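Please read the points below alongside the sequence and the model. They are meant for someone who has not seen this structure before.

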Amino acid sequence: MTDTFSQTTIHDNSITVFRSLISDLSFEQFSDTQLYDLSGIAAESAEGLCHGLLYLSESLESGNQIPQESLGQIGAWLKASAHVIPVMLELYEQANNRLFQMKNADSAE
């Protein structure tokens with residue numbers, strides 16, 4: 001395991017660090033079917049999170065009152081979403097990159 005924390009700067013935020021850690025994952029052990037599944041799930045999850053954020057935004061804009069006791073939960077959900085969305089996009093990119101590499105290797109044979 002690399003010492004990522006010693007390589008980060010004061011300007012790196014938790015989202016940048018998290019995405020960097022995910023980008024170091026190896027996808028070479030996955031089959032093409034697993035990569036298609038991973039890519040699809042990641043893209044679908046990111047889209048679902050974005051729809052949830054949009055719904056919350058529209059609810060707030062329409063003036064719906066949010067109970068005070070729910071604000072902590074909403075804050076935690078937004079923070080988790082801010083971390084999960086980049087991870088889903090990174091997984092999507094990594095899976096698609098590996099599929100592209102596999103296709104190119106098959107074409108070369």
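The points go from the whole chain to single residues.

1. The model is predicted: local features need pLDDT of at least 70 and side-chain atom pairs pLDDT 80 or more, while totals for chains, interfaces and linings use all residues. Residues are numbered from 1 along each chain as its sequence is written, and side-chain values use heavy atoms, without hydrogens and water.

2. The protein has four helices and zero strands, in the order α-α-α-α from the N terminus. Helices (H or I, at least four residues) and strands (E, at least two) are DSSP runs numbered from the N terminus.

3. Of the 109 residues, 22% are buried (under 20% relative accessible area; exposed is over 50%, partly exposed in between, with a 1.4 Å probe and protein chains only). The accessible surface is about 7,900 Å², with 57% belonging to carbon and sulfur atoms; the areas come from the Shrake-Rupley method with a 1.4 Å probe.

4. Among contacts (heavy atoms within 4.5 Å) between residues at least 6 apart in sequence, 83% join residues at least 24 apart.

5. A search of the whole structure gives one aromatic pair. Phe-27 and Phe-30 form this tilted pair, 5.7 Å centre to centre with 45° between the planes. Rings of Phe, Tyr and Trp (its six-membered ring) pair if their centres lie within 6.5 Å; planes under 30 degrees apart are stacked, over 60 edge-to-face, the rest tilted. Phe-27 is buried at 5% relative accessible area, whereas Phe-30 is partly exposed at 29%.

6. Val-84 belongs to helix H4, residues 71–108. Its relative accessible area is 31%, so Val-84 counts as partly exposed. Val-84 and Ala-46 are 38 residues apart in sequence and 7.6 Å apart in space, C-alpha to C-alpha.
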